[in-house]
Amino acid sequence: MKKILLVYIMIMLMLASACGNVEMTSNPNNTSSEPKSETDESIISKNTSESCLVERINLDSETEKYFYGTWKVEKLLGFANSYNDASEYPTGQKFIGDEIIIKKDFFSSKGLKYKKYQYELKNPLYQITATCYNSDSFYRLYKIDIPDLNINDVVKAIDISDPSTKLSIPVSVSFLVVNNDRLILLSEATIFELKKITD
């Protein structure tokens, strides 16, 4: 019985010693026993280019200025990696040339040929749901490879909601603003580049 108790005590000592070493080696610079503050860890991780800030916020004035206007679907960029509908819709569901209106007090995708993608809202709520600080962090979050996306491009995902219900329009029509100088439309798994035709 004494041998079993001795073996048990030795195992516990080894485990306690190992746990102490893991704690010390996992944070070798932390000499204080105080917990880290919000500013030490979370803000740093939010602002680094290695991650995306996933937070629902209102459009900033620069994004607003760029985002509002009448947009024309200019070209098919490709298909999302999660589902490639190129065999079913090789021309990108024939959206090329279709128009979308995005104004502060009005949103309409009625200019898209397919009824399934047509929405119209008065006084819509526009919000940024995620901001990715480079193409790698964007890909890690969305698993979408946008052609011509440069490594340091900042990508903002824009959500459009009905003001009365607070419900977002379906993800079949989603927008990505790249550096406030490029607008991408995601429709299902198809990626399009838009061109502003009027402010």
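Me: Which side chain of opposite charge is nearest to aspartate 153, and how far away is that side chain?
Reply: This is a predicted model, in which local features need pLDDT of at least 70 and side-chain atom pairs count only at pLDDT 80 or more, while totals for chains, interfaces and linings use all residues. Residues are numbered from 1 along each chain as its sequence is written, and side-chain values use heavy atoms, leaving out hydrogens and water. Aspartate 153 is buried (under 20% relative accessible area with a 1.4 Å probe, protein chains only) yet has no salt bridge (a side-chain nitrogen of Lys or Arg within 4 Å of a carboxyl oxygen of Asp or Glu). With Lys and Arg counted as positive and Asp and Glu as negative, the nearest side chain of opposite charge is arginine 182, 5.0 Å away.

Me: Which backbone nitrogen does the side chain of aspartate 153 reach, and at what distance?
Reply: Aspartate 153 is found in the loop between helix 4 (135-142) and strand 7 (155-161), helices (H or I, at least four residues) and strands (E, at least two) being DSSP runs numbered from the N terminus. From this loop residue, the side chain reaches the backbone nitrogen of asparagine 150 at 2.7 Å.

Me: How many residues apart in sequence are the parts that the pair of phenylalanine 67 and tyrosine 126 ties together?
Reply: Both phenylalanine 67 and tyrosine 126 are buried. Because phenylalanine 67 lies in helix 3 (residues 61-67) and tyrosine 126 in strand 6 (residues 125-132), their pair ties together parts whose separation in sequence is 59 residues.

Terms used: Buried < 20%, exposed > 50% of the residue type's maximum accessible area, 1.4 Å probe, protein only. Polar contact = N/O pair within 3.5 Å; in protein donor to acceptor, adjacent residues only side chain to side chain.
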